[in-house]
Amino acid sequence: MSRIHLLEPALANQIAAGEVVDRPASVIKELLENSLDAGARNIEIEVEQGGARRIQVRDDGGGIEPADMCLALARHATSKIASLDDLERVASLGFRGEALASIGSVSRLSLVSRTADSDCGYRLETSGSLASGEPEPAAHPRGTTLCVRDLFFNTPARRKFLRTERTEFGHLEDVVKRIALSRPGVGFSLRHQARTVFSLRPAEDESGQDRRLASLCGPAFVDSAIRVDVERGGLRLHGWLAQPTFSRSQADLQFFYVNGRSVRDRLVTHAVREAYRDVLYHGRHPAYVLFLEMDAAQVDVNVHPAKHEVRFREGRMVHDFLFRSIHQVIAEVRPGDVQVEHREHAALGESGGTPVYQGGLAMAPAPGRVSEELRGVAGLYAPPAAGHRDPAAAAAGNAPVAPDGSAVPPLGYALAQLQGVYILAENADGLVIVDMHTAHERITYERMKQAYDSASVVSQPMLVPLHIAVSEREADCAEAEAAFLESLGVRVERSGPESLTVREIPSLLREADVEQMVRDMLADMVTHGTTSRIRAHVEDILRTVACHGSVRANRRLTVPEMNALLRDMEATERSGQCNHGRPTWTRLGMADLDALFLRGR
Ligand code: ADP
Ligand code: MG
């Protein structure tokens, strides 16, 4: 690592100002970032009283030269950047040169460090002030130990803001976990009040990474996780997405990293949400651990003093990449998949051989509330009645399960229908149970979306043009993006500096609250550079039609009909969840059944 130096005042002034130390969790964040920047392979953390009494971090990284130790604790002193150019392409976690100075000014700090080519360590201590004096020799292996005692001892007002020991420790532990997730190759151990909270060994391979993921996010997350690895146009997204059926009531299992740095970013959250929108139950939150890697010059990390936020230079492109990558990975999960490895270059977004509906269940007509036109769409795509099915396919439906299991499709072959609600089927592994209404609803819905997508949008003029008052910025945006809006079926004209006139809307949405919809669209476009409101409204309507058009519970199905439904599920995107995010099927493998009967124990 290079030596520590004071930043030029002009450069120091460019750095996002503000206090970074507000509680023990922010101290641990800065100390861990320093250890990682120093190339540590193992980091040991000890905490007392939630961190208020003591936070100690020992690493085996590169260490600090004795002559630099005093400078390490000074403000605007860093070894990580030296010029404006460096600031524009930060490759390390730290770069502000302020953390140790800030921490040192509100605690009793001790720094002991030894570099690879020194034969002993050195210690420097401060107590609520800048370091003075010379470091003294002290025993220490290669690496650095930073010990922060009595946080805020000299600023009682700030000390008062600390919560209970348990709360503070909870926040601190979260930070350690968040960082440990991003660096599977580094060992982390955390002790609180002399008790080991966790100890994570460095992961050497993929199974080690899965173990770390399981210990930090829980085994249920790992079981339902889809491995993602997508690369396009200089952006790479990798990590894990939970299948939509593993959703959370809170946004508490969402980890996102940009170039290894954990960030909270509205654009990112929005893109991920959008990608899950069609498969998640309303009000549920997706779970994910995702890493975005990109050219450091394309992302500004100097936005927030605590470095929790970033700014993408090409926000719209990043949003689009995230949305499309995640959307496609979710769509591709089919029955039978456990983990999907998804790597491609440039092919993203091209539709891959979408299955054509050939058989199955007659669709009931859409109810009266839904517009005429949609009834047309539904009718157009109503599959042929069961009696018209291809006899060869029907015969295949009765095929027995092959003894070697090789030819058995993932959802197997139907055995029976249970209480008019569930289909029981046998596959190579055991028993498959399908909720026939929810499964059929998803298939119908996916097919209707395809139908809608393959026809161009039909707009109709508003009977009475709608005038709406907006901000100047929104009006500018509507004007600049008129072509984009028109491609969505919305024709808007500017009628004043802060007013718009809506002249045409997609005919499907004529019953929607047009004013609210256009306002929401403009808000999206101003914040995210794009909008998917129209799509969301259309999908809501299609979902309603699909629900009414799908086979009801209590309808008797023949075996060929049931098999046709199973084959359709295998061929349909997102068929593992119904349109409300509930699972459509589950399995009881032979091992599960044996366990139920205590067999073979
Ligand atoms: P920054 O990380 O932004 O550079 P800090 O105040 O956190 O600023 O640290 C100041 C300097 O001290 C760092 O640039 C680095 O050179 C050195 N340093 C801090 N912690 C460690 C550590 N654990 N191991 C090696 N060097 C460290
Ligand atoms: Mg730092």
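Modeller: Rings of Phe, Tyr and Trp (its six-membered ring) pair if their centres lie within 6.5 Å; planes under 30 degrees apart count as stacked, over 60 as edge-to-face and the rest as tilted. We are reading a predicted model, where local features need pLDDT of at least 70 and side-chain atom pairs count only at pLDDT 80 or more, while totals for chains, interfaces and linings use all residues. Residues are numbered from 1 along each chain as its sequence is written, chains are lettered from A and ligands numbered from 1 in the order in which they are written, and side-chain values use heavy atoms, without hydrogens and water.

Colleague: Thanks! How many aromatic pairs does a search of the whole structure find?

Modeller: The search finds two. Take Tyr257 and Phe291: their ring centres are 4.7 Å apart and their planes lie at 15°, so this pair is stacked. The pair links distant parts of the chain, for Tyr257 belongs to strand β13 (residues 254–258) and Phe291 to strand β15 (residues 288–293), 34 residues apart. Strands (E, at least two residues) and helices (H or I, at least four) are DSSP runs, numbered from the N terminus.

Colleague: Are Tyr257 and Phe291 buried or exposed?

Modeller: Both Tyr257 and Phe291 are buried. That word means under 20% relative accessible area, whereas exposed is over 50% and partly exposed is in between (1.4 Å probe, protein chains only). Across the chain, buried residues account for 50% of the 601 residues.

Colleague: And how many helices and strands does the chain have?

Modeller: There are 20 helices and 24 strands. Among the buried ones are Leu267, His270, Glu274 and Tyr276.

Colleague: What do the buried residues of α10 pack against?

Modeller: Their partners include β13 and β15, the strands that hold Tyr257 and Phe291. The others are β12 (235–242), β17 (311–312), α11 (315–331) and α17 (514–528). Contact here means heavy atoms within 4.5 Å. For the chain, 72% of contacts between residues at least 6 apart in sequence join residues at least 24 apart.

Colleague: Could you show me one such place? Where is His285, for instance?

Modeller: His285 lies in the loop between α10 and β15. Its C-alpha atom is 6.0 Å from that of Ser249, although 36 residues separate them along the chain. Setting aside neighbours within four places in sequence, His285 is in contact with residues including Ser247, Ser249, Gln254 and Arg273.

Colleague: Now for helix pairs. What describes how two helices pack?

Modeller: Two packed helices are described by the angle between their axes and the distance between the axes. Axes are lines fitted to C-alpha atoms, for helices over the stretch in contact, and angles run from 0 to 180 degrees between N-to-C directions. Here, the axes of α7 (residues 165–182) and α8 (residues 206–217) come within 10 Å and cross at roughly 160°. That makes α7 roughly antiparallel to α8; angles over 145 degrees count that way, under 35 as roughly parallel, 65 to 115 as roughly perpendicular and the rest as oblique. Lys177, Ala180 and Leu181 of α7 meet Arg212, Leu213, Leu216 and Cys217 of α8.

Colleague: At what angle do α14 and α19 cross?

Modeller: The axes of α14 (residues 436–454) and α19 (residues 559–571) come within 10 Å and cross at roughly 55°. These two helices are therefore oblique to each other. Their contact involves Met436, Ala439, His440, Ile443 and Arg447 of α14, with Leu565, Asp568 and Met569 of α19.

Colleague: What about backbone angles? What is phi in His76?

Modeller: Most residues other than glycine have a negative phi. His76 has a positive phi, near 60°. His76 sits in the loop between α3 (69–72) and β4 (77–78) and is partly exposed, at 24% relative accessibility. Asn259 also has a positive phi, about 50°, without being a glycine. You will find Asn259 in the loop between β13 and β14 (261–262), partly exposed at 30% relative accessibility.
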